[in-house]
Amino acid sequence: MYSYGLLYLPVSTYSLICASQLAFNAVLSYFLNAQKFTPLIFNSVLLLTFSASLLGVDEDSPSSSDISQGNHVLGFVLTLGASATYSLILSLMQVTFEKVIKRETFSVVLNMQIYTAVVATLASLVGLFASGEWKTLEGEMHMFSPGKVSYVMTVLWTAISWQIASVGVVGLIFVVSSLFSNVISTLALPIIPVFAVIFFHDKMDGIKIIAMLIAIWGFISYGYQLYVDDKKSRKTSSSVEENS
């Protein structure tokens with residue numbers, strides 16, 4: 001859904017709709033994970049969503065005049081559906097950890113990621129061979145200007161990096177919550193331009209800097225709420241120990 005959404009929508013519109021996933025996650029977390037919303041958490045979700053949206057407005061968008069109205073609407077619906085589905089998956093993972101698995105070990109996080117990745121890999125392979133696109137892989141390697149080795153290494157390390165990032169996402173759901181995991185993912189969007197400046201000598205304009213600062217502000221807001229909750233929890237624990 002994300003891929004077809006990007007195919008039928010300008011990058012700016014696509015980015016703005018993708019930013020809605022944090023709002024979807026907030027709503028779903030409230031109903032599925034009994035997430036408590038304090039002013040600090042609400043402030044964090046609002047700021048991070050606004051930051052991602054601001055970044056989307058700043059993206060260079062190709063003209064969509066050659067895309068029909070029907071495909072444009074389809075792209076909007078698919079992207080919105082992808083954002084909602086991704087948020088639902090995160091919330092359901094938290095439900096699975098809390099009500100189905102009920103074990104607090106790191107192996108649980110790895111199992112959750114490995115099994116879902118295996119299913120996704122099999123589905124992708126079936127699609128690759130069923131569509132006949134596997135025949136074009138050699139041509140793609142030849143067309144890749146840095147060469148075949150660079151093509152293979154790019155694909156390989158992208159896959160490895162994605163799996164490491166996914167373990168981090170699942171781990172945050174396991175340790176904290178699905179909403180916090182999504183907050184961290186959304187925080188990464190405005191930080192990406194910094195790495196683009198360092199490694200690819202991209203330009204850092206005013207909107208990107210503002211988006212990054214707003215995202216950091218939103219993250220600090222959520223982090224402070226976690227600090228407050230942890231402090232209350234410790235006070236409660238110490239009071240219980242003293243009374244006992």
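**Figure 1. Lys148 sits in helix H8.** The model shown here and in the other views is predicted. Helix H8 covers residues 148-175. Lys148 has a relative accessible area of 41%. Leaving out residues up to four places away in sequence, Lys148 touches Met141 and His142.

**Figure 2. Ten helices and zero strands make up the secondary structure of the protein.** Read from the N terminus, the elements run α-α-α-α-α-α-α-α-α-α. Taken along the principal axes, the C-alpha atoms fill a box of roughly 75 × 40 × 40 Å. The protein has 244 residues, and 30% of them are buried. Consider the contacts between residues at least 6 apart in sequence: 79% of these join residues at least 24 apart.

**Figure 3. Helix H3 packs against helix H5.** H3 spans residues 21-32, and H5 spans residues 69-101. Two packed helices are described by an angle and a distance between their axes. For H3 and H5 the angle is about 35°, and the axes lie 8 Å apart. The crossing of H3 past H5 is right-handed. On the H3 side, the residues in contact are Gln21, Phe24, Asn25, Leu28, Ser29 and Leu32. An α-helix has 3.6 residues a turn, so residues three or four places apart point the same way. H5 contributes Leu80, Ser83, Ala84, Tyr86, Ser87, Leu88, Leu90, Ser91, Leu92 and Val95 to the contact. By class, the contact of H3 with H5 holds ten nonpolar and six polar residues, with no charged residues.

**Figure 4. Asn33 occupies the loop between H3 and helix H4.** H4 covers residues 39-58. Asn33 has a relative accessibility of 10%. It is therefore buried, as the value is under 20%. The side chain of Asn33 reaches the backbone oxygen of Ser91 at 3.1 Å. Ser91 also belongs to the H5 side of the contact with H3. Setting aside neighbours within four places in sequence, Asn33 is in contact with Leu28, Ser91, Gln94, Val95 and Ser178. Among these, Leu28 is one of the H3 residues that meet H5.

**Figure 5. Ala34 and Lys102 have positive phi angles in loops.** Ala34 is in the loop between H3 and H4. Its phi is about 55°, although Ala34 is not a glycine. Ala34 has 61% relative accessibility and so counts as exposed, the limit being over 50%. Lys102 is in the loop between H5 and H6. Lys102 is not a glycine either, yet it has a positive phi of about 55°. With 60% relative accessibility, Lys102 counts as exposed.

**Figure 6. Helix H6 runs from residue 106 to residue 131.** H6 has 26 residues. At 1.5 Å a residue, they should span 38 Å, and the end C-alpha atoms are 38 Å apart, so the two values agree. Val108, Val109, Met112, Gln113 and Ala117 are the buried residues of H6. These buried residues pack against H5 and H8. Just after H6, Gly132 takes a positive phi of about 85°.

**Figure 7. Thr116 lies in helix H6.** Thr116 has 36% relative accessibility and counts as partly exposed. A polar atom of its side chain lies 3.0 Å from the backbone oxygen of Gln113. Gln113 is among the buried residues of H6.

**Figure 8. Helix H10 covers residues 206-243.** H10 has 38 residues, and at 1.5 Å a residue they should span 56 Å. The end C-alpha atoms of H10 are 56 Å apart, which agrees. The buried residues of H10 are Lys208, Ala211, Met212, Ile214, Ala215, Gly218, Ser221, Tyr222 and Gln225.

How values were computed
Residues are numbered from 1 along each chain as its sequence is written. This is a predicted model: local features need pLDDT of at least 70, side-chain atom pairs count only at pLDDT 80 or more; totals for chains, interfaces and linings use all residues. Side-chain values use heavy atoms; hydrogens and water are left out. Axes are lines fitted to C-alpha atoms, for helices over the stretch in contact, and angles run from 0 to 180 degrees between N-to-C directions. Helices (H or I, at least four residues) and strands (E, at least two) are DSSP runs, numbered from the N terminus. A crossing is left-handed if the near helix is turned anticlockwise from the far one by less than a right angle, and right-handed if clockwise. Contact means heavy atoms within 4.5 Å. Ala, Val, Leu, Ile, Met, Phe, Trp, Tyr, Cys and Pro count as nonpolar, Asp, Glu, Lys and Arg as charged, and the others, Gly among them, as polar. Buried means under 20% relative accessible area, exposed over 50%, partly exposed in between (1.4 Å probe, protein chains only). A polar contact is a pair of N or O atoms within 3.5 Å; within protein, one must be able to donate a hydrogen and the other to accept it, and residues adjacent in sequence count only if both atoms are side-chain atoms. The expected span of a helix is 1.5 Å times one less than its number of residues.
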